[in-house]
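Please look through the sequence and the 3D structure shown here before reading on. The report then takes up a few of its parts in turn.

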Amino acid sequence: MEIRVTEHVDFITLSLKGRLDIASSASLKDDILRHVARGQSKIILNLAQVDFINSSGLGTLVSILKEVRLAKGRLVLSNLASYVQEIFEITQLSNIFEIFASEADAQDVFLQPSARVV
Amino acid sequence: MAQESGNLEQILLALTSSEPSERADAVENLRYCNDPSAVAALVTAIEDPDKGVRELAAETLIARRSPDAPAYLCQYLSSPDITQRNLASEVLIKLGPLSVDALCDTAHDPDHDVRKFAVDILGAIGDPRALHSILMSLEDQNQNVVCSAAEALGMLGSSEAVEPLLATFETRVFARPQIIDALGQIGDIRALPLLVEAIHSDDHIVVYSAVEAMGNMRSRRVEPYLRELLVRGDEALQEAAIGSLIRVAHSVDHAVLDNLPVAIVQLCLNKAIRSGDKKTKLFAIAELRHWEGPATVSVLLEALNDPDEEVMIAARETLSLQATSASDRIAEALVDAPARLICNLLDTIGSTGNSRFVQDIVSLADHHDETVREKVAFVLGKIGDQTILDYLMALAVDPVGHVRSAALKALGWIGADKAINSLFTALDDPFPDVRQAALGALVLSGGDDAIRRFRLDLNHADPHRQIIAAQALGWIGEASVIEPLIEALRHPEWEVRKSAVESLGRSADVSALQHIKVLLTDEEPQVRKSTIDAIIALGGGDSWKDITCMLEDEDLWVRFHAINGLGSIGNREALEELIPFLTSESDILRVAAAKSLARLHDKRALPFLKETVNDRNPDVVGAVVGAIDRLESL
């Protein structure tokens, strides 16, 4: 699986390409947790080019979501292909992930007016 | 019920009936009476001894919006009967701009009370046409009229009133608080020197009015003066000053709040949440994210119960950020709270994923309210702590279907192998949502045990379970499901074969291709259609060769599917296979062929398409013209 990282001021976008299965999910989790450890815990996962996902991949996404939440971050998904969307519906994961039709919609979540730091 | 104007006399007679219901009918009839005297008669009905009749008359006057009504109604402003006066005032306000001229006249009535009422109503209407009349009232001999005029000018909000108000401030000392309030509402910076002077006044009322007014100025220029009040040692004044700074921060710049005393800011924000309008509440709730502390938690907990959904969600988001430091207060609030508040608190906890609350949540697993039990299951799933599996498994057999469904979803999110038996049992639940949740959870768990059980289910006595098993194995998608799915391609039930071939198509395992191709000759057309899709998914651009044989399938819809499939593959070598279908006997095949030819991006198709442009079927012509346009634009 290829992971392309785009860093923005307030968040990062990880664009995934390929299969999200047992072979690729461990490295994805490591990658994301490295960003979280650096304080980059506002994350968009763009799944537009994920052409296959299975239960291992889904389990990894759930596990990543929990870690990001514990770090007071936010993980959102965007651009799910219809097959991936279908499997999110079947597994009811659409109830626990924030899913957006486009990356621009997902970015809106993080592009709130900048907060004042006391 | 409409009445002709010729009946007016009868209606007026009915208005004097001893029966309130007859008088009410008369009022109702006057609503539709076009006679000019009807308005005067309606106005007199606000004197009616019966409250229902009076209110009906008022409602009718408002609905009719007659330009004559305000002049009649203004006469009641001098009525000694407070009920009549108030009702007339209410109708005049609701008639709005229609009342302005009559009220401007009444504002110069010899009776000072009447003048005051008229000015009050003009202020409430807020129509700028009343400005000059109210400015004249600012010079009235009566103090009450002057105070009302100042208030009304504030409500009008016109900057034209600033200079007259400033001048009156010097001459009419009794009206200073009202004048300051009005200047604050107008928000014109020209008033600042006067407000600065006012905050140094010996009169506390004037000082507080000035502080309040500065909060409305929408300018950072007030900031140093408000900050100056923070060192005066008067706590109430500090609070008022910070309240005003918060309003300026809201309207101009957050930085206004830098370096302020935390406790007082929290207090002011808390007050804003409790008493402000929706916008102020939302601002204050968002601002509290930066002023974390025990004092903020209580008010956020209160806001979780706000009837406005947006306010409640904002409070939940802010509170979730403070969930760690506020955990004791949140846990305390979970006990004995109303169901709605518990659910909101559980959502707050769920959004943090904080396992600190697990014991507090599981204590609600047997709550009498089913929405709470459902939320408990949902939040436990989001927190994902393996220690709570037993509670979730208990909720998975709850008497209420949607509680069971929530518990099963949660078991899936946690990935509970221990719950496999419960999940398989739930596949036979009478409620579809519960069965769906169980299936989703089993797909998510995806373990060897689930795969083994689904493999067995391929031969389940219930054909529906066989189909679900074939689908589920596909969604699980692990390498170990390929073999049972290939086996299922030979299943006696065609729906199982169909699900198996679809699952293999999604598996992206090219080794399955040779097994799938066998189903191109399956006896069931639905299976052959799904096989075409699976071959395209796995075989990519080269799969066109396998598909072409299906162009001669006995089933029309399979041939249609194959033609569309060749279009979606987009391999130009399929061109010669598609051309003959432009002259097929079947309309739908001709349409499909034209569309697929367009997708091949091969201009060699143009002459054949042009020959078909006069097809007898307009749908075919539309598809052909579209294809020609597309190819010619290449």
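## Confidence in chain A

The model is predicted, and for chain A the average pLDDT is 86, with 94% of the residues scoring at least 70. One stretch of chain A, residues 113-118, keeps a pLDDT under 50, and for this stretch the model has eight contacts beyond four places in sequence.

## The sheet of chain A

Chain A holds an open sheet of five strands, arranged in the order S1-S2-S3-S4-S5 and with mixed pairing. At the edges stand strand S1 (2-7) and strand S5 (98-100) of chain A, and because each has a single partner strand, one side of each is left without a neighbour in the sheet. Neighbouring strands of this sheet are turned against each other by 25° on average, if direction is ignored.

Strands of a sheet pair through backbone hydrogen bonds, and the pairing is either parallel or antiparallel. S1(A) and strand S2 (residues 12-20) of chain A run antiparallel and are joined by six bridges; Glu7(A) has Ile12(A) of S2(A) standing opposite. Helix H2(A) packs on the sheet, where S2, S3 and strand S4 (74-78) of chain A are touched by this helix, and the direction of H2(A) makes about 145° with that of S4(A).

## Where the two chains meet

Between the two chains, 24 residues of chain A are in contact with 26 residues of chain B. On the side of chain A that touches chain B, strand S3 (42-53), helix H2 (55-70) and helix H3 (82-90) of chain A each supply at least two residues, and the largest share, eight residues, comes from H2(A). Sorted by class, this side of chain A has 11 nonpolar, seven polar and six charged residues.

## Two packed helices in chain B

Two packed helices are described by the angle between their axes and the distance between the axes. In chain B, helix H8 (residues 112-125) and helix H10 (residues 143-156) pack at an angle of about 10°, and their axes are 8 Å apart. Angles under 35 degrees count as roughly parallel, and H8(B) and H10(B) are therefore roughly parallel to each other.

The residues of H8(B) that meet H10(B) include His112(B), Val119(B) and Leu122(B), while those on the side of H10(B) include Asn144(B), Ala152(B) and Leu156(B). By class, the contact of H8(B) with H10(B) has eight nonpolar, four polar and four charged residues.

## Single residues in chain B

Which residue lies in the loop between helix H38 (587-600) and helix H39 (606-611) of chain B? His601(B) is found there, with a phi near 55°, a positive value in a residue other than glycine. A residue counts as exposed if 12 or fewer other C-beta atoms lie within 10 Å of its own, and His601(B), with 12 C-beta neighbours inside 10 Å, therefore counts as exposed.

Asp336(B) lies in the loop between helix H21 (327-334) and helix H22 (339-352) of chain B, and its phi is near 65°, a positive value in a residue other than glycine. With 8 other C-beta atoms within 10 Å, Asp336(B) is exposed.

Asp347(B) and Glu317(B) are 30 residues apart in sequence, and in space their C-alpha atoms are 9.4 Å apart.

Notes: Residues are numbered from 1 along each chain as its sequence is written. Chains are lettered from A and ligands numbered from 1 in the order in which they are written. This is a predicted model: local features need pLDDT of at least 70, side-chain atom pairs count only at pLDDT 80 or more; totals for chains, interfaces and linings use all residues. Two residues are in contact if their C-beta atoms, placed from the backbone, lie within 7 Å. Helices (H or I, at least four residues) and strands (E, at least two) are DSSP runs, numbered from the N terminus. Ala, Val, Leu, Ile, Met, Phe, Trp, Tyr, Cys and Pro count as nonpolar, Asp, Glu, Lys and Arg as charged, and the others, Gly among them, as polar. Two strands pair if DSSP finds at least two bridges between them. Axes are lines fitted to C-alpha atoms, for helices over the stretch in contact, and angles run from 0 to 180 degrees between N-to-C directions. A residue is buried if 20 or more other C-beta atoms lie within 10 Å of its own, exposed if 12 or fewer, and partly exposed in between; C-beta atoms are placed from the backbone. Angles under 35 degrees count as roughly parallel, over 145 as roughly antiparallel, 65 to 115 as roughly perpendicular and the rest as oblique. pLDDT is the predictor's confidence in each residue, from 0 to 100.
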